[in-house]
Each structure stands twice: as C-alpha cells, then as structure tokens.
Amino acid sequence: MVLPLRALLAGGRRLPRPAAAAFGDRRLCPLSLPPVAGPPRWAPLSAPLPAAPAARLCSGEAEAAGGDGDRAMLRHLARKLRASGPVTVAEYMREALTNPGQGYYTRRGGVGESGDFITSPEISQVFGELIGIWYISEWMAMGKPNTFQLVELGPGRGTLTEDILRVFKQLASVLSKCDISVHLVEVSPKLSEIQAVMLTGEKVQPNPEDESAYMKGISKTGIPIFWYRDIQDVPPGYSFYLAHEFFDALPIHKFQRTEKGWREVLVDIDPEVPDQLRFVLSPSRTPATQNFIQPEETRDHVEVCPEAGVIVQRLASQIEKDGGAALVADYGHDGTKTDTFRGFRNHKLHDVLSAPGTADLTADVDFSYLRKMAQGKTATLGPIKQREFLKNMGIDLRLQVLLQNSGDTATREQLLHSYDMLMNPEKMGDCFHFFALLPHHRLVHPDKKDKPESKSPLPPVAGFNELLLK
Ligand SMILES: C[S@@+](CC[C@H](N)C(=O)[O-])C[C@H]1O[C@@H](n2cnc3c(N)ncnc32)[C@H](O)[C@@H]1O
C-alpha cells in the first residue's frame with residue numbers, strides 16, 4: 001500500500017520556533033558526563049554519603065537554589081523526613097515534580113525557551129509533522145476506522161499536538177469521514193492553560209460538570225479537545241496514544257546491590273547540615289526491592305518506574321480491546337543502563353537533591369521494562385533511534401522542501417540547525433528512541449500461520465521501516 005503523503009511533505013513553509021542555538025544543555029543522554037570520581041556513590045545506611053554535590057552530576061555549572069519561594073518544597077520535605085524518616089526516590093520525585101502546591105510541573109512548567117529544557121517538537125515543526133503522518137499512515141494501514149481519539153500523555157506546551165492537528169487539517173480530504181477527538185492527560189494546571197491557548201486560541205474554562213475531563217474546548221481546526229489528570233479517565237474507544245518525553249518524568253525507584261543483597265536508595269535529611277538532603281540505603285530489603293528486582297539481574301544499580309509499567313499495561317489492554325496504537329518517544333535504554341537520574345534547570349544540569357521543586361527531574365526510560373509490561377497483549381516495535389525513525393519518515397525530503405520555500409538565509413540556517421539538533425548522533429539523534437505498541441494483527445495476519453500464502457503482505461509500519469509515498 002502507498003500513502004498519498006508526498007504532497008503533504010512537499011507543502012508548507014517553516015513556522016516560527018525559538019532559535020535552538022540559544023539553548024545550552026537539553027535533556028541529553030548523560031553519556032557525555034565524566035565518570036564520577038572518588039568514593040562509590042551509594043553506601044549502606046550505617047555510612048551514608050553526603051548529599052551529592054552538583055559537581056558529581058554534571059559537567060557544567062550547577063544552578064544554586066533561588067529565593068524563599070524556591071525553598072518551600074525543601075522545607076515541606078524536610079519536615080516530612082524529620083517526622084517519618086527517609087522516603088523512596090519515587091516518592092521524592094513525585095513530590096518534587098507534581099505536588100499540587102509546590103511541584104515543579106505544577107508551579108513552573110519548564111518546557112521551552114524560557115524554561116529549563118527544550119524538547120524536539122519545540123525545536124522544529126518537522127518533528128510533529130512527521131508524527132502526524134505516522135498516525136495517518138497507521139490509520140490507513142488499519143483500514144481507516146471511522147473514528148479515533150488522539151490521546152497525548154504529558155503534552156507540555158501543546159506544540160506537538162498543534163503540529164499534528166495541522167497535518168490532519170492538510171489531509172482533511174483523506175480524513176473527511178473520520179470523527180477525530182483529542183484527549184490530553186496533563187497533571188499541571190499551568191501547562192494545561194498554556195496548551196489551551198496554543199490549541200484553541202483562547203483560555204478554556206474549567207469543566208466542573210464532567211467528573212473526568214477537567215477542561216474541554218475546540219481546536220483552531222474544529223476538533224474537540226478534553227483534558228484529564230489521569231489516563232484512567234480517558235473514555236474507551238479506538239485510540240492513537242502519544243507519549244513524548246512523558247515516561248522519563250515519572251517517579252523511579254533506585255536499587256543498589258550490596259554485600260548483604262539488594263537495598264533501596266532512599267532520600268533523607270542530612271543530620272549535620274540544616275535542610276540539606278542526601279541519599280542513603282535502606283538497612284534491609286524494602287517491598288519495592290522484593291517486587292522489582294529480577295533474580296537474573298546482572299547490573300549493580302537498577303532504576304525501575306512502576307508507574308510507567310502500569311500505564312503501558314493500560315495502553316496495551318485498551319489497544320487489544322478497542323484497537324489503535326501507541327507511539328512512545330523518549331531517551332532510554334533496553335535494560336542496560338544503571339544510574340540515569342538527573343535534574344535540569346535553566347538548560348543546565350542540576351543536582352537532583354538541591355532545591356527540589358525548582359528543577360526538572362528525569363531518568364532514562366527502560367524500554368525492555370515497557371515491553372515486558374505490555375504482557376504480550378500487543379506487539380511492540382523498537383526502540384529505534386530517533387535519527388533512524390525520522391529518516392524513515394522522510395525528514396530529508398521535508399527539510400529540502402522547507403529550504404526551497406524559505407527566502408532568507410537566517411531561516412535556512414535555522415532549519416539546518418534544528419535538523420542537526422534532531423538528527424546528529426551526538427545531540428538528539430542517538431539517545432532519543434521511538435517505541436510502538438500495535439495490535440498483533442497489524443504485524444501478522446491472523447490466519448498466516450495456517451495458510452502462509454493466503455494474504456497479501458501487510459504494509460510496513462512507517463518509521464520503523466521506510467514510509468511509502470506516492
Ligand atoms: C518533559 S515534559 C514533556 C512535554 C512534551 N511532551 C514535549 O515533549 O514537549 C513532561 C510533561 O508531562 C507532564 N506530566 C508529568 N508527570 C505527569 C503525570 N504524572 N501525569 C500527567 N502528566 C504528567 C508534565 O506536566 C509535562 O507536560
């Protein structure tokens with residue numbers, strides 16, 4: 001099957017995006033960091049390490065804590081730790097990122113030029129356009145169902161959905177008989193307001209009558225949009241899910257192998273330095289150690305994100321029941337990396353234990369864990385490197401067209417620079433990966449085993465294979 005998408009790749013012009021050159025560190029792989037010198041990073045509870053100084057975490061300068069407002073989360077955590085003892089890294093991360101009053105995403109938001117980190121959709125419109133094409137390509141390959149929900153988890157500023165909806169509009173003739181709705185799962189009130197303005201062109205009123213969707217509006221292109229706090233609130237139905245740099249923001253547990261067996265890394269208050277946090281090890285196994293460390297584990301340090309597992313289980317069940325697909329894009333590994341927990345503030349690496357609530361905290365996604373949590377309910381594809389996925393999706397053709405359509409040198413330079421950011425193996429090209437959940441029948445004909453020659457071949461999945469154009 002060939003898709004009528006060449007015309008789309010060949011149209012349009014560059015839309016304004018911030019100058020990617022203006023940013024320092026993005027949320028890039030920590031591989032470029034120098035090895036940690038000095039004593040081992042984790043120690044038993046009887047000999048706790050001091051709170052990790054920033055120099056151990058980053059190659060650049062570390063950001064210091066700011067004013068009094070910035071210390072509110074630290075004070076809250078310090079009180080809690082003094083009252084009830086150390087907490088898991090997952091609990092620390094959850095508080096620091098999504099505490100309803102002082103959490104980083106709740107209060108600060110963080111994505112974009114004036115924030116703490118930049119993401120691919122914020123760098124170039126081409127990224128979102130190619131993802132929009134991926135969904136249309138899959139919709140066509142799955143027999144053009146007459147309705148679908150686009151469900152984005154953690155939409156940031158809404159830029160990615162905006163670019164996808166523009167593609168849907170440009171392909172209105174193909175999608176004309178399809179009833180589309182958009183469902184955004186966003187925990188941050190601040191970011192949901194920004195998304196509403198980006199996608200609908202205005203502020204959207206809260207939606208108190210509906211218990212599940214806390215806001216609703218209509219996109220600039222006429223598509224209904226709903227906002228939820230939790231994926232469980234999204235109504236069932238044929239759905240295309242999208243999670244771009246979402247799973248890396250979910251809380252992780254950290255475990256360290258010791259002579260006495262596996263121990264969980266905890267966050268505690270330093271008894272000798274007021275309001276300073278430090279890592280310690282649990283004195284014995286914790287419930288998480290028992291549940292999440294596999295007997296065959298060979299690494300000495302492991303990070304597990306159970307919340308990601310629960311969400312992937314849900315996506316896989318929904319896709320198995322109602323149809324659709326999920327596309328996950330994030331930095332990550334296939335069950336091989338160890339210590340990837342890090343912080344970002346003002347586009348610089350930031351000590352994860354310093355000034356909680358003022359910096360983005362993140363850890364690489366373990367795609368092998370996501371694959372396992374799909375529990376065979378769907379097929380999985382990837383992870384495949386971002387530069388391979390985008391190349392397969394036709395980024396080179398799209399770049400050429402935008403270059404041809406742009407008159408001035410500054411715009412052309414900007415286009416080339418953002419292409420380099422997305423594709424260069426040293427930048428985002430190699431450390432960001434794409435991973436997909438698809439119904440089994442999308443990859444293998446149900447009756448293929450019995451009658452291998454009975455059906456024509458299934459269309460390849462774009463991105464993981466080359467996009468077919470006409
Ligand atoms: C790193 S940002 C990525 C934003 C966007 N996808 C992008 O690539 O530009 C993470 C997003 O997930 C949201 N988020 C974080 N934790 C969440 C949770 N537990 N439930 C829903 N949204 C969450 C944040 O508010 C933010 O919108």
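Me: Which residues of α2 are buried?

Reply: Met73, Leu74 and Leu77 are the buried residues of α2. A residue is buried if 20 or more other C-beta atoms lie within 10 Å of its own, exposed if 12 or fewer, and partly exposed in between, with C-beta atoms placed from the backbone. Helices (H or I, at least four residues) and strands (E, at least two) are DSSP runs, numbered from the N terminus.

Me: Where do they fall, seen down the axis of α2?

Reply: They fall within an arc of 95°, so the buried residues line one face of the helix. The arc is that of the directions from the helix axis to the C-beta atoms. In general, an α-helix has 3.6 residues a turn, so residues three or four places apart point the same way.

Me: And which residues are exposed on the other side of α2?

Reply: Arg75, Arg79, Arg82 and Ala83 are exposed there. The cover over the buried residues of α2 includes α3 (89–98).

Me: Is all of this experimental or predicted?

Reply: This is a predicted model: local features need pLDDT of at least 70, side-chain atom pairs count only at pLDDT 80 or more, and totals for chains, interfaces and linings use all residues. Residues are numbered from 1 along each chain as its sequence is written.

Me: What is the mean pLDDT of the chain?

Reply: The mean pLDDT is 86, and 82% of the residues reach 70 or more. The term pLDDT is the predictor's confidence in each residue, from 0 to 100. Over residues 20–65, pLDDT stays under 50.

Me: How many residues of α7 are buried?

Reply: In α7, 10 of the 12 residues are buried, and the helix is mostly covered. Among them are Thr159, Leu160, Ile164 and Phe168. Helix α7 covers residues 159–170 and reaches 17 Å from its first C-alpha to its last, close to the 16 Å expected at 1.5 Å a residue. The expected span is 1.5 Å times one less than the number of residues.

Me: Changing topic: how many residues surround the ligand?

Reply: There are 19, and the closest are Tyr105, Thr119, Gly154, Gly156 and Val187. A residue is near a molecule or strand if its C-beta atom, placed from the backbone, lies within 6 Å of it.

Me: How do the residues of that shell divide?

Reply: The shell has 10 nonpolar, six polar and three charged residues. Ala, Val, Leu, Ile, Met, Phe, Trp, Tyr, Cys and Pro count as nonpolar, Asp, Glu, Lys and Arg as charged, and the others, Gly among them, as polar.

Me: Which residues does valine 204 touch?

Reply: Not counting residues up to four places away in sequence, valine 204 touches Ala196, Met215 and Gly217. Two residues are in contact if their C-beta atoms, placed from the backbone, lie within 7 Å. Valine 204 is in the loop between α9 (189–200) and β4 (215–218). It counts as partly exposed because it has 19 C-beta neighbours inside 10 Å.

Me: What about the backbone: which residues does a cis peptide bond join?

Reply: Glycine 382 and proline 383 are joined by a cis peptide bond, with omega about 5°. Proline 383 lies in strand β16 (residues 379–385). Aspartate 275 has a positive phi of about 55° although it is not a glycine. Most residues other than glycine have a negative phi, and most peptide bonds are trans.
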